Amino acid sequence: MASLGTQLRASWPMVKAVRRELLIVGVVFLIGVIVGWFVLGWWLAPVEWTDAAPVDLQPTYRDAHVASVAAAYNTGAFTSNEVESLGKGERWSYAGFIAELNRLAADASPQMKTAYEKLALDLAPLAAQEQAAQPPPAAQPSPLVWLLLILALAAVAFFTIMLVRRGGRAAPAGAVGAARAPGGVPMAPGAVAVWPDEAQLPLRQFDLTYVIGDDRFDLSNAIETSSGMFLGECGMGISETIGTPDPSKVTAFEVWLFDKNDIRTVTSVLMSEHAYNDPALKAKLAAKGDLVKADPGTLVTLETATLRVRAKVAEVEYGAGALPEKSFFNRLHVVMAAWPIGDSGITQPADAVPV
């Protein structure tokens, strides 16, 4: 099993791919808060209070209101059952109102202290009834639970953005093809291949080889400049199988290009000779991208807004058995190389090996 550090390094290109999108989301959210809070809430449509309840008054006015209620009650102006409608208000609990009476009684004159205490004593039975009628408070989640929930939602949103930007494709961590020259010979560090029909050397070149039995084959390679600036990703994965599994019989592969500056993931399908000549399979796979027969030397070009990737079939070996002839791959070797499109100012690598 790959170490955590290896998995993080493998997923870092995907993190960089959505960094700009996350920044945009954050800026839009901040602008929304500023517009909603300050512009709308304080300027265009400020909150206007009407019909405030006694509990909503400022402390000075609230104390004066409670004092007037206690004084009137002490003179017999109304009964304790009428306190709610004549002075306490609906949103002020009896317990809260009694607490205010006791607080004011502590510093009141003897006459007002008597009024406060009398009203508080007469309201005590109503407070007990009110408390008995209330359901027990629901258990509140701890701050840790809320923090974990927020982190989980943030993780879901993060990986959803990555999947959308990759066109729904999630490559396994660590599945990165080694850079090799055609024929399987490892290339020198930093060296790339010379493509005869390209005026410039590629930024990156990748050697992708499938061998039957690798049922989870799905290789992804980061396209970066020599300084480490992330531009996109390209790769190859299984698109269609035929026959029985164990192992899977792959009859078509997808080669794809993801550009961080483009909303599309461009895909072409490399098909076996049998699949390419089968109308039903061609109709099924047509929605995935351009259909190409995987013959040695076949060249596929994928272009997005700022990147061009060329995938060259270097080696094809078909499997044999009960299935139709040339219907599934025993081995498929593809070389992929990437170039920037337009005047990007990106410096091409200096070292090269012939292709």
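Are Phe217 and Phe253 buried or exposed? Phe217 is buried, and Phe253 is buried as well. Buried stands for under 20% relative accessible area, exposed for over 50%, and partly exposed for values in between, with a 1.4 Å probe and protein chains only.

## Basis of the model

This is a predicted model, in which local features need pLDDT of at least 70 and side-chain atom pairs count only at pLDDT 80 or more, while totals for chains, interfaces and linings use all residues. Residues are numbered from 1 along each chain as its sequence is written, and side-chain values use heavy atoms, with hydrogens and water left out.

## Aromatic pairs

Two rings of Phe, Tyr or Trp (its six-membered ring) pair if their centres lie within 6.5 Å; planes under 30 degrees apart are stacked, over 60 edge-to-face, and the rest tilted. The count comes to six aromatic pairs. In one of them, the ring centres of Phe217 and Phe253 are 5.8 Å apart and the planes stand at 85°, so this pair is edge-to-face. Phe217 lies in the loop between β4 (204–211) and β5 (218–224), and Phe253 in strand β7 (residues 249–259), so the pair ties together parts 36 residues apart in sequence. Strands are DSSP runs of E with at least two residues, helices are runs of H or I with at least four, and both are numbered from the N terminus.

Phe253 also pairs with Phe329: the centres are 5.6 Å apart and the planes at 55°, so this pair is tilted. Phe329 belongs to strand β12 (residues 329–340), and its pairing with Phe253 in β7 ties together parts 76 residues apart in sequence. Phe253 has 0% relative accessibility. Phe329 is buried too, with a relative accessible area of 0%. One aromatic cluster is formed by Tyr210, Phe217, Phe253, Tyr318 and Phe329.

## Glu198 and its partners

Glu198 lies in the loop between β3 (192–194) and β4. At 13% relative accessibility, Glu198 counts as buried. Its side chain makes a polar contact of 2.9 Å with the side chain of Arg308. A polar contact is a pair of N or O atoms within 3.5 Å; within protein, one must be able to donate a hydrogen and the other to accept it, and residues adjacent in sequence count only if both atoms are side-chain atoms.

## Helix α5

Helix α5 (residues 110–133) has 24 residues. A kink of about 40° lies at Ala124, shortly before Pro125. The bend is the angle between axes fitted to the seven residues ending at a residue and the seven starting there. Buried residues of α5 include Ala115, Tyr116 and Leu119.

Definitions and conventions. Expected span 1.5 Å × (residues − 1).
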